[in-house]
Amino acid sequence: MESTPLTWLLGKPSATGLIKQSASDFRVVEDLGYTADQHGEHLLIRLRKTGCNTRFVADALAKFLKIPAREVSYAGMKDRHAVTEQTLCARFPGKEMPSFAAFSLEGVEILEVARHQRKVRIGGLAGNSFQLVVRDISDKQAVEQRLAVIAEQGVPNYFGEQRFGRDRHNITLAQQWAAGEIRIKDRAKRSLLLSAIRSDIFNQVTSARLAKQASLSQLWVGDCVQLTGRGSWFVVDDDEFAQTQTRVQHGELRITAPLVGKGEGVVSGAAAEFEQQQLAAHSAFITLLSNERVDAARRAMLVCPQKMTWEWLDEHNLQLNFWLPAGSYATSVVRELVLQGEMIEDPAE
């Protein structure tokens with residue numbers, strides 16, 4: 001299933017470049033936002049991995065500790081083709097602190113182990129720090145100009161393509177499921193496909209909004225806005241419009257788009273009319289999400305990389321550092337910077 005081309009905030013990049021030419025070109029350090037409290041029934045296992053997906057490492061840890069695989073959790077999946085630091089959590093009650101000296105898994109290094117009272121759950125992190133190398137950049141000046149604007153204005157908070165599987169296979173399966181052509185029995189697979197649906201619809205609504213007004217900071221009456229870095233939100237009415245617009249421009253608030261599911265829409269006025277128009281094409285998916293009891297939510301349409309710095313290694317290779325809140329994608333930052341891979345030859349992109 002082909003994806004609908006997504007709108008760029010700064011227009012289509014003129015420069016090309018490549019990421020992930022080696023694992024060391026893409027480094028991620030998870031930020032849980034807290035430290036271990038040193039007691040409790042859970043083990044927080046901080047590790048560095050290269051060339052391994054998170055679930056594979058979690059299963060290996062469970063086997064080593066002789067506990068069921070379901071007792072090992074994590075805040076989020078991390079890219080296999082990268083060097084990543086993250087914390088896995090193993091429920092290990094009433095037992096002495098184990099030694100990991102004998103744990104051996106290619107590409108994995110245990111950095112720290114400590115006890116903690118609470119289980120680490122999906123999404124339970126503050127964000128991630130990234131260090132990326134963008135190689136073979138065709139136009140240093142064009143990229144330098146975009147870097148300065150991105151650091152100030154941010155990028156569309158699109159879900160990354162990896163969310164949808166190779167060649168968007170997850171969306172294809174979800175479409176067949178929604179049409180009743182197939183049944184998905186595995187619980188984890190169902191969750192994966194439902195998440196992909198919501199992510200794809202969010203991307204398309206955000207892209208359409210950006211295409212309509214060339215901005216993700218121009219407020220409409222009836223918009224749902226979110227406090228930056230927090231989940232709290234409210235709907236904008238006429239009386240508070242001017243004040244709220246100022247807060248949006250200053251980055252204190254972000255305008256949101258829907259993560260569709262069961263429940264009434266919260267936006268009103270022009271914002272509601274626009275969203276209803278965009279969501280009309282996704283009625284089968286929305287019905288599926290509602291039937292599966294996925295709760296509706298909201299997500300900021302714009303994200304600003306924090307602590308953003310960069311260094312040119314030479315005329316064509318750039319090292320880029322920044323921090324993003326949980327749920328935001330480094331690849332969406334790079335997408336606004338350069339065309340890469342298959343994008344280079346796709347005129348629709």
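Q: Which elements each supply at least two residues of the lining of the second largest pocket?
A: They are β10 (253-259), α6 (269-279) and β11 (297-300). Helices (H or I, at least four residues) and strands (E, at least two) are DSSP runs, numbered from the N terminus. This is a predicted model, in which local features need pLDDT of at least 70 and side-chain atom pairs count only at pLDDT 80 or more, while totals for chains, interfaces and linings use all residues. Residues are numbered from 1 along each chain as its sequence is written, and side-chain values use heavy atoms, with hydrogens and water left out.

Q: Where does the largest share of that lining come from?
A: From α6, with four residues.

Q: Which lining residues lie nearest the centre of the second largest pocket?
A: Of its 18 lining residues, these are Gly-263, Glu-264, Gly-265, Val-266 and Leu-279. On a 1 Å grid over the protein atoms alone, a pocket is an open set of points with protein on both sides within 12 Å along at least five of seven lines, a cavity is a set where a 1.4 Å probe fits but cannot get out, and lining residues have an atom within 4 Å of a point.

Q: Now the cavities: how many of 30 Å³ or more does a search of the whole structure find?
A: The search finds one.

Q: Which residues line the largest cavity?
A: Val-205, Arg-209, Asp-223, Thr-256, Ala-257, Phe-274, Glu-275 and Met-301. Two or more of the lining residues come from each of α4 (187-213), β10 and α6.

Note on methods:
Points joined across faces, edges and corners; volume = space filled by probe spheres on them.
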